[in-house]
Amino acid sequence: MAERILLRQIFRRWRPNAAASSFKRPLTRTIYEQHYYYATAAATNGENCKKMEKKNDEKWLILPSFNGAADGSSIGKKLSGVPADANTTALTWILKCCPHLPRCLVQKLFRLRQVRKACSNAETEEKRPRRVGAKDLMEIGDTIFLPKSADGGSPSTTMMNQSFFNEKEREFVQSLELYKDAAIIVINKPPGMPVQGGLGIKRSLDELAAKYLRYDYTESPRLVHRLDRDSSGILVMGRTQLSATILHSVFREKTFGASNDVPDSKRILQKRYWALVIGSPRRREGLISVPLRKVVVDNGKSERITVVDNNHMLSAHNAVTEYRVIASSSSGYTWLELSPLTGRKHQLRVHCAEVLGTPIVGDYKYGRQAHKKFEQQSDPASNFKPDNKISKFKHDPFGINFESGSIADKQLCLHLHCKEMILPHIAMALHQGHMISDLDSARIESIELDAPLPPHMQRSWDLPN
């Protein structure tokens with residue numbers, strides 16, 4: 001009997017300690033609170049606690065510490081001549097570090113209070129990460145913690161693990177390269193290939209770049225601007241998250257600052273397109289500045305962009321384009337050079353069709369009626385043979401016919417090509433960007449790019465007037 005009472009007393013004394021050593025917590029505790037409890041008890045429980053700590057570390061995605069000097073958006077603004085915003089929010093930093101995470105998902109994590117921040121302030125007694133709001137500002141050295149389950153792996157990584165390399169695809173994609181350095185990679189986008197994946201799209205350039213244009217980089221090239229599926233020409237990608245952020249900021253500031261009267265020679269980013277249009281504009285050169293908005297047509301089945309009269313409409317955005325005539329033909333076609341100062345969707349196509357009254361050849365969306373009038377006027381050149389130097393797209397492994405679609409053919413392809421681009425030397429900006437305040441856009445060298453015409457546009461160019 002005495003032994004039973006003694007055992008009962010020992011058991012009562014042992015139970016609380018046993019509960020503490022097993023680290024049982026209420027089920028309502030968050031994953032991180034469990035993790036922190038493990039960490040604080042590590043000194044008392046040795047290797048067993050280290051194993052539990054390691055196990056729970058796997059449940060958290062720890063982002064790189066915030067470094068204001070490496071803020072790509074601030075560098076991009078500085079290069080564009082815009083005062084850099086030194087205030088970076090927690091939401092902005094997460095989106096920069098994890099571009100594959102949808103913005104809505106990150107915002108949901110903040111609403112569910114699942115985002116933590118560890119402050120780097122040496123005066124802070126507690127180093128324990130605390131909940132952080134989406135608009136809370138980041139300080140140098142701050143570290144963000146996200147639930148590991150929210151990551152799920154980047155799309156490019158998942159794709160790389162599930163796909164096999166195809167030698168013909170690799171040769172074709174790498175043959176599109178125009179320029180490459182430590183920060184960017186530039187390709188001459190062929191017509192008919194979508195830039196980004198989506199519903200019903202089997203192959204897109206961002207997916208192909210992730211497979212075949214990474215080279216020795218651990219990161220996949222990232223898109224920083226877009227080209228329409230049927231257009232062609234210069235497409236710039238950032239080779240790292242930082243360079244992509246800088247480029248994206250440069251392209252964005254170009255659109256925001258387009259209303260300023262800045263000489264063309266001083267613009268940090270310049271783009272020039274070549275387009276073959278039906279008819280001829282009244283003036284040989286000029287500036288188009290009209291607002292555009294999106295409208296839904298066909299009972300909601302499709303949408304298009306159109307010119308609006310009221311620039312103060314909430315859904316309208318001002319679009320600015322410079323144009324000049326390059327060459328004209330007696331058959332009623334005109335070659336134009338188009339310099340978009342803003343980056344609105346279908347901007348050049350709408351400006352040509354609705355403002356100049358000269359729709360781009362092959363643009364049936366905005367110039368169907370004009371094409372009907374001209375379909376009987378073109379004289380097919382059956383004996384024309386394309387130059388060998390433009391036959392580089394001929395052996396396409398994706399089944400796209402790049403040789404047809406000129407004005408000598410029955411079915412026309414879109415004649416819109418991003419021919420030239422001048423942009424800042426991002427690699428140099430990164431080299432000098434350890435102090436944003438020291439950056440000077442006037443001292444940063446520029447890169448001048450030129451993309452040869454696609455075969456169908458080259459054929460139309462070479463045909464006799």
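## Helices and strands

Helices (H or I, at least four residues) and strands (E, at least two) are DSSP runs, numbered from the N terminus. In this predicted model, the protein has 14 helices and 15 strands.

Residues are numbered from 1 along each chain as its sequence is written, and side-chain values use heavy atoms, with hydrogens and water left out. Because this is a predicted model, local features need pLDDT of at least 70 and side-chain atom pairs count only at pLDDT 80 or more, while totals for chains, interfaces and linings use all residues.

## How confident is the model?

The predictor's confidence in each residue, from 0 to 100, is called pLDDT. Its mean for the protein is 76, and 67% of the residues reach 70 or more. Over residues 14-46, pLDDT stays under 50; residues 48-53 also stay under 50.

## Looking inside

Of the 465 residues, 44% count as buried, meaning under 20% relative accessible area with a 1.4 Å probe, protein chains only.

A nonpolar core is a set of buried Ala, Val, Leu, Ile, Met, Phe, Trp, Tyr and Cys residues joined through side-chain atoms within 4.5 Å. The largest one here has 59 residues, of which I184, V236, L338 and L423 touch the most other members. Helix α10 (residues 241-256) gives the most to this core, with five residues. Apart from it lies another core, of 18 residues, including L63 and V132.

## Meet I184

Which residues is I184 in contact with (heavy atoms within 4.5 Å), leaving aside its neighbours within four places in sequence? They are Y179, V236, M237, R239, L247, L423, I426 and I447.

Key
Buried means under 20% relative accessible area, exposed over 50%, partly exposed in between (1.4 Å probe, protein chains only). Contact means heavy atoms within 4.5 Å.
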